Amino acid sequence: MQLTRSQSFVACQKPIFGIDKQLALYRKMLLIRKVEEMLGNASLAAELPGPVHLYVGQEAIAVGVCDHLAETDWIASTHRGHGHFLAKGGDTAALVAEVFGRETGICRGRGGSMHVADFSRGIIGANGIVAGGLALAAGAAWAAQLEGTGRIAVAFFGDGAANQGVLMETLNLSSLWKLPLILVCENNGFAEFSPSATVTSGRIAERAVPFGVAHRTVDGNNLEAVWLAAEEAVAHARGGGGPILLEFETYRLRGHMEQEMAFLSKTYRTNAEVEERRSADPIRRFREALIAHRFATAADLDDLEGEVQDEVVRAKQAAKAAPWPDVTGAKDFMFA
Amino acid sequence: MSRRRMVQAIQEALAEEMERDARVLVFGEDVEASMFGETAGLSERFGASRVRNTPISEALLSGMAVGAAAAGYRPVCHLMYGNFIYTGFDAIANQAAKFRYMTGGQVKLPLVYMGVIGGGKATAAQHSDCIYPALMNLGGLKVVVASDPGDAKGLLKAAIRDDNPVVFLQAAGRSREQYPVPDDEDYVLPLGQAAVKREGRDLTIVAIGSMVKQALLAAHELASQGIEAEVIDPRTLFPLDEDAILRSVSRTGRLVIADESHNTCGAASYISAIAGERAFAALKAPVCRVTVGDVAMPFSPPLEDALRPGKAEIVRAALGLVEANAASPRRQAMAGGEMLS
């Protein structure tokens, strides 16, 4: 049941959509990158209350997948979830304020980085439990199937999460029930502080095979390849074809969490390796392609980057100026 | 009123609520074949899309309930034995119990997890736990333990109508007895409200689940010795109707708690703590917990019977309190008979 659509896009030879779409998707990737670089710096400056897990290097996946989703479709995300939140249409300022722990945050400071969610936009939320989103997305997909209005659900998870038993349970049940569910594995090479090769056997995409679930392995650092694979997967799920597993190969350019070398007792990868992988940075690659195909000049893209940077600076300033949650409400929201 | 077994009362509650609200779903392992009988016939009546047999995959099922509830449905997830909550515990503890809080109140989770608890059926250690203390400790779940069919029906209907995650537990040992059950389709017992199952002035017995019947038998025997025991069934363990318990203790001055769970950090321990904190001045004798102790439930019936508290243990505990009190006039003089709070 492996989908056979051509993989010729992997090399990003020819742009597949027009200039407006190219720039909109580029801007979205850049927004995620700039928000996260700001958060990384804020973490270093001890401005953030807790840990942050950054998505730097994986932006093409969230942007390429979510571009195909309606606001009413569901996504469940991971502890590395800022990118999915923004790609699905979550508000930048509300995200940043949440990570700064403020009352104006999307979860009113109760959730923080690992729990950013916006149900009004179908964002079931980031999740602090590795593989925690799989079952939630399966439940939402079941609800979507019962409604019969064409909604689908997407579960983002990492290669580390692929080693949780609930993936097997999800593949089995979703195949049996033909749930409108897309399982998006972002294989970024590391399960927290362990290289994948030391903790994961075989190919993750092939774990779909015994369950009769469609699957595909795609270059996750190539926006167009991601976009095309997602287009196909969304059509498959929405059209009643049941679940599909997409494994996107990517690379986590930042640590599992910021400032991890301050507490880890040994390194798990070399700086040289990270530097080498920067050449495949999806944003850099997409920018080079835009210029090479004369969709934009370097100056145009620099201007765009400036705009995005301004938006991020404003979001940070607003968050820092926003009030902390009122402590008299610390026990609110446990029950409806 | 008609006489029903607990499983029949539960089946009626499920059917009535599914009839009332098309968003109520029932799913879980073998809900079609229905091992205990609570879901018998529901699939035929409401269709296989709303009453869904599942694989034995508790980690997934408990999380799917959260996802389906967040997406607007009212799922009832049948986990069969309470012990199987452990295999599905991640989504119950890490997602369901915290989801509304950690998203700043964005979402309601109208879902119910169901399971059968307790010993008495020789199901041994992995099918007999009274798991509620662990659930009470999470703080984000309502925890209901039904002790008779009528209560089971009213409490389950309330649980399904509640907009929060509720764990509904039934005591295994009681499932074959018949009790009167109201036929009214709107017979809903509010969650968080204890029931006074028997009134009495000398002693309060708080009894949970299967212990309620034992406490009533014990109260009957105590009455023959001139001791009138009040029996309170909390029915909801979280949130607990603390006021109902304290009101009774402040009148009787003596408290026995009969609980088929473990001793350490158990439901009885918590109830004992609130009596110590909030009714100390009223107590004429130390609070007495009657529990299984800190031991796994054995298989062999004589061992099981020896560990599970029953009428005799409750009577002995009650007499101990009354005698301790009679033997200590100084203590009697000190007791003010009024609650501190």
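Six of the six residues in strand β5 (residues 112–117) of chain B are buried, so the strand is largely enclosed by the rest of the structure. The model is a predicted one.

**Strand β5 of chain B**
- B:Val112, B:Met114 and B:Val116 point one way from β5(B), while B:Tyr113, B:Gly115 and B:Ile117 point the other way, and all are buried.
- Strand β4 (residues 74–81) of chain B pairs with β5(B) in the parallel sense over four bridges, and B:Cys77 stands opposite B:Tyr113.
- Strand β7 (residues 166–171) of chain B runs parallel to β5(B) and is joined to it by six bridges; here B:Val112 stands opposite B:Val166.

**The five-stranded sheet of chain B**
- Five strands of chain B form an open sheet of mixed pairing, in the order β9-β11-β10-β13-β14.
- β9 (195–198) and β14 (288–290) of chain B each have a single partner strand, so one side of each of these edge strands is left without a neighbour in the sheet.
- From one strand to the next, the twist averages 25°.
- Within this sheet, β10 (residues 203–207) and β13 (residues 255–258) of chain B pair in the parallel sense over four bridges, with B:Ala207 opposite B:Ala258.
- Helix α10 (residues 267–278) of chain B packs on the sheet and touches β10, β13 and β14 of chain B. The direction of α10 makes about 160° with that of β13(B).

**Residue A:Ala24**
- A:Ala24 lies in helix α1 (residues 19–44) of chain A and is partly exposed, with a relative accessible area of 43%.
- The C-alpha atoms of A:Ala24 and A:Asn271 are separated by 32 Å, and the two residues are 247 residues apart along the chain.

Terms used:
Residues numbered from 1 in each chain as written. Chains lettered and ligands numbered in written order. Predicted model: local features only at pLDDT ≥ 70, side-chain atom pairs only at ≥ 80, totals over all residues. Heavy atoms only, no water. Pairing = 2+ DSSP bridges. Helix = DSSP H or I, 4+ residues; strand = E, 2+ residues; numbered from the N terminus. Axes fitted to C-alpha atoms, helices over the stretch in contact; angles between N-to-C directions. Contact = heavy atoms within 4.5 Å. Buried < 20%, exposed > 50% of the residue type's maximum accessible area, 1.4 Å probe, protein only.
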